[in-house]
2 protein chains.
Amino acid sequence: MSTLEMIEAAADRLHGHVRETPLLTSPFLDELAGRRVLVKPECLQHTGSFKFRGAWSAISALNAKELKRGVIAYSSGNHAQGVALAATRHGISSVIIMPLDAPQLKIDNTRALGGEVVLYDRANESREEIGEALANERGLTLIRPYDEPLVIAGQGTTGLELARQAAELDVDRGDVLVCCGGGGLTSGIALALEGHAPGLRARPCEPEGFDDVKRSLATGQIQNNNAAAGNICDAILTPQPGDITFPILKRLCGPGLSVTEEEAMRAMALAFLRLKIVLEPGGAVSLASALFRKDEIEGDAVIVVASGGNTDAEVFGKALEFLT
Amino acid sequence: MSTLEMIEAAADRLHGHVRETPLLTSPFLDELAGRRVLVKPECLQHTGSFKFRGAWSAISALNAKELKRGVIAYSSGNHAQGVALAATRHGISSVIIMPLDAPQLKIDNTRALGGEVVLYDRANESREEIGEALANERGLTLIRPYDEPLVIAGQGTTGLELARQAAELDVDRGDVLVCCGGGGLTSGIALALEGHAPGLRARPCEPEGFDDVKRSLATGQIQNNNAAAGNICDAILTPQPGDITFPILKRLCGPGLSVTEEEAMRAMALAFLRLKIVLEPGGAVSLASALFRKDEIEGDAVIVVASGGNTDAEVFGKALEFLT
């Protein structure tokens with residue numbers, strides 16, 4: 001079970017190793033959104049996404065014997081890079097199971113950061129099965145991408161930071177939009193807000209057609225996506241919310257939001273133009289929700305967690321075409 | 001005369017109004033540069049460049065009578081936006097004199113931020129003369145872009161921040177590379193470092209062919225550029241170092257560095273890929289110097305002040321072509 005105490009303990013372990021990202025604003029985005037928009041750019045985190053927080057949290061909690069044997073993770077790319085760098089900085093080895101269709105950049109980066117990459121077929125194989133089998137075989141500790149209390153605690157440190165930063169800007173009520181795959185970041189932030197900023201409410205944001213969390217929250221039961229791939233928001237395409245994350249999301253979050261691929265790309269373009277940050281499609285669905293689903297949002301201010309920026313020049317170039 | 005005390009006083013006036021930008025790092029950039037690279041992304045500052053600091057510093061020091069009459073500024077774009085927003089947030093009016101060939105985005109933004117824009121011909125007219133004439137005519141206070149002690153003091157707050165941030169990362173010796181036009185940012189940072197981090201040395205970075213500061217430092221006398229335009233680094237094309245900034249630069253800075261347009265574009269591409277930030281060409285010459293002039297730099301670590309990110313999709317797209 002993840003708790004606020006675990007998040008606060010993770011924040012202590014992360015201190016000095018994880019970057020505190022700022023809270024960015026632009027009068028141009030405020031005008032588009034019809035309210036104040038505060039953006040927490042986790043693309044500026046080490047390895048280009050919030051995933052480094054959860055990876056550091058989990059690895060820094062291992063004992064000496066576990067550290068010596070090393071860790072294993074499965075990931076579409078951002079968790080992979082986070083675990084690889086966190087492992088390397090702890091002086092231990094990491095095996096990373098990645099889908100064959102992950103962006104080449106993420107595969108290359110994971111290797112360069114010290115990870116041993118094992119590729120699998122997203123459509124026909126289960127990364128969970130491969131991961132557990134390899135973990136057992138080599139005695140590696142599996143660092144799950146989201147359904148793991150220590151990982152949720154690490155991601156939740158994002159919520160501790162934004163609660164304090166929002167208070168400094170006199171924002172203590174409103175929605176906190178979070179890009180959501182399996183729900184690790186969203187549930188961690190929701191727990192942190194419950195303890196430190198009870199007037200702020202986390203809301204998961206997803207791509208249309210892959211809105212398993214939104215539908216799960218609406219029905220009160222875990223729902224699956226029909227497809228496992230086929231959307232530009234590769235970082236947040238997960239089959240369903242986690243068994244650990246969903247009860248937290250159900251208890252604490254507001255309704256889910258979903259946006260089209262084009263809206264995610266338009267948000268990337270506006271983040272380039274107005275915030276000078278690089279977002280990947282899956283890291284921009286929260287900003288897209290703030291800009292293009294404003295009637296579904298409550299309050300005078302909205303907080304946007306922009307979760308990652310690991311995109312390539314081709315995809316980014318396509319997003320920038322929306323500016324012309 | 002600008003002093004450390006003026007910078008510290010400016011920091012007090014800026015507190016809560018200007019964003020403290022983080023210090024970013026990437027193991028990939030470290031490898032390319034052959035040493036640790038710490039990047040201070042002033043592109044994340046309000047209005048997309050450090051210029052907001054100097055503008056706020058100057059405007060916040062005006063008396064009630066001066067505030068009521070309003071301010072005027074001349075700028076290729078970044079100072080324009082900084083002054084326009086700082087004036088608007090003080091509830092006062094601003095007139096901004098901009099070159100006809102400034103990027104359309106900068107002109108549009110300056111207007112949207114509340115500035116009254118007056119265009120001039122960079123090749124045949126003197127912005128200084130136009131500025132002084134309009135200032136006298138309407139009783140406006142002229143906010144000079146760099147040769148103004150209050151502006152230098154505001155830009156110098158960048159140096160106060162980075163001195164503290166570098167110390168937290170155990171960096172207390174090395175070069176601080178600063179994108180340099182008229183020298184306001186470089187001289188302000190140099191003064192701040194003299195007081196707070198004497199082991200760090202500011203070094204101006206310029207585009208080749210517009211390296212007036214580098215040549216001025218080498219000869220000990222103020223040197224001019226032959227041309228006033230014709231380089232993609234539009235933000236830092238100034239005819240010569242300022243009468244106030246140059247003596248500070250001469251006393252405190254290390255030798256200047258200069259890079260080609262292509263090197264600036266390559267640095268933009270690497271900042272996109274490795275730091276997830278958007279730099280404009282003139283804001284990337286410091287990073288380009290760190291990456292492509294490493295034999296001219298001293299120390300195990302180098303600090304890079306990436307001064308602005310106000311570029312458009314077309315220029316950015318061209319920079320990203322260097323990644324393929």
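Buried means under 20% relative accessible area, exposed over 50%, and partly exposed in between, with a 1.4 Å probe and protein chains only. The model is predicted, so local features need pLDDT of at least 70 and side-chain atom pairs pLDDT 80 or more, while totals for chains, interfaces and linings use all residues. Residues are numbered from 1 along each chain as its sequence is written, chains are lettered from A and ligands numbered from 1 in the order in which they are written, and side-chain values use heavy atoms, with hydrogens and water left out.

**View 1. Salt bridge between Arg215(B) and Asp211(B).** A salt bridge is a side-chain nitrogen of Lys or Arg within 4 Å of a carboxyl oxygen of Asp or Glu. Here the N to O distance is 3.0 Å. Arg215(B) is partly exposed at 28% relative accessible area, whereas Asp211(B) is buried at 14%. Elsewhere, Lys40(A), Glu42(A), Arg53(A) and Glu161(A) are joined into one network by salt bridges that share partners. The count over all chains is 38 salt bridges.

**View 2. Salt bridge between Glu128(A) and Arg127(A).** The closest N and O atoms of Glu128(A) and Arg127(A) are 3.8 Å apart. Glu128(A) has a relative accessible area of 31% and is partly exposed; Arg127(A), with 12%, is buried.

**View 3. Salt bridge between Glu194(A) and Arg251(A).** The N to O distance in this pair is 2.7 Å. Helices (H or I, at least four residues) and strands (E, at least two) are DSSP runs, numbered from the N terminus. Glu194(A) is partly exposed, at 38% relative accessibility.

**View 4. Open parallel sheet of four strands in chain B.** The strand order is β4-β3-β2-β5, where two strands pair if DSSP finds at least two bridges between them. β4 (115-120) and β5 (141-142) of chain B are the edge strands, each pairing on one side only. Strand β3 (residues 94-99) of chain B runs parallel to β4(B) and is joined to it by six bridges. Val95(B) stands opposite Glu116(B) in β4(B).

**View 5. Helices α5 and α6 of chain B across the strands.** Helix α5 (residues 78-89) of chain B lies across β2 (71-74), β3 and β4 of chain B, at about 170° to β3(B). Helix α6 (residues 104-112) of chain B lies across β3 and β4 of chain B, at about 145° to β4(B). Contact means heavy atoms within 4.5 Å; axes are lines fitted to C-alpha atoms, for helices over the stretch in contact, and angles run from 0 to 180 degrees between N-to-C directions.
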